[in-house]
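Subject: Structure for you to look at

Hello,

Here is the structure I promised to pass on. Please open it beside this email and follow along.

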Amino acid sequence: MSIQKQLKMAMVHKGIKYAKEVSKVSGVSYKRTLAVLNGSSEAYLSDAEIIGLKLGVKLSYISVEED
């Protein structure tokens, strides 16, 4: 399941409807919160992790190493 889907499900469980609320709870800027929630290529993984922790979601991911 994608990171943005996991975070959106966590928002529903927490009763949070808007990205602005997520931004306030997490301390991540609104612009960067939107990028994470929309799955933008501009999103930072560190922001997703912070948002996830504040929403009670432990995200896991696999690092792809390049030679």
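**A buried threonine**

T33 counts as buried, because its relative accessibility is 0%. Keep in mind that this is a predicted model. T33 sits in helix α3. What does T33 touch, leaving out residues up to four places away in sequence? The list is A19, V22, S23, S26, V28 and I51.

Just after α3 comes G39, with a positive phi of about 70 degrees.

**How α2 meets α3**

Two packed helices are described by the angle between their axes and the distance between the axes. For α2 and α3, the angle is about 115 degrees. Their axes are 9 Å apart. The crossing of α2 past α3 is right-handed.

Which residues make this contact? From α2 come A19, K20, V22, S23 and S26. From α3 come Y30, T33, L34 and L37. Sorted by kind, the residues of this contact are five nonpolar, three polar and one charged.

**The nonpolar core**

In soluble globular proteins, nonpolar side chains tend to be buried together. Here the largest nonpolar core has 14 residues. Those with the most contacts inside this core are L7, M11, V22, L37, I51 and L55.

**One salt bridge**

Side chains of opposite charge can pair when their charged atoms come close. How many salt bridges does the structure hold? It holds one. The partners are the side chains of D47 and R32, at 2.7 Å from N to O. This pair links distant parts of the chain. D47 is in helix α4 and R32 is in helix α3, 15 residues apart.

Are the two partners buried or exposed? D47 has a relative accessible area of 4%, so D47 is buried. R32 is at 38%, so R32 counts as partly exposed.

**Two more places to check**

S46 is also in helix α4. With a relative accessible area of 42%, S46 is partly exposed. The C-alpha atoms of S46 and V36 are 9.8 Å apart, and the two residues are 10 places apart along the chain.

Y61 lies in the segment after α4. Y61 counts as partly exposed, because its relative accessibility is 47%. Leaving aside neighbours within four places in sequence, Y61 is in contact with L45 and E49. Where is Y18 relative to Y61? The two are 43 residues apart in sequence, and 25 Å apart in space, C-alpha to C-alpha.

**Where to begin**

Begin at T33, the buried residue in α3. Then go across to its contacts in α2, including A19 and V22. Then look for D47 and R32, the salt-bridge pair.

Best wishes

Methods:
Residues numbered from 1 in each chain as written. Predicted model: local features only at pLDDT ≥ 70, side-chain atom pairs only at ≥ 80, totals over all residues. Heavy atoms only, no water. Core = buried A, V, L, I, M, F, W, Y, C linked by side-chain atoms within 4.5 Å. Buried < 20%, exposed > 50% of the residue type's maximum accessible area, 1.4 Å probe, protein only. Axes fitted to C-alpha atoms, helices over the stretch in contact; angles between N-to-C directions. Helix = DSSP H or I, 4+ residues; strand = E, 2+ residues; numbered from the N terminus. Left-handed = near helix turned anticlockwise from the far one by under 90°. Contact = heavy atoms within 4.5 Å. Nonpolar A, V, L, I, M, F, W, Y, C, P; charged D, E, K, R; others polar. Salt bridge = Lys/Arg side-chain N within 4 Å of Asp/Glu carboxyl O.
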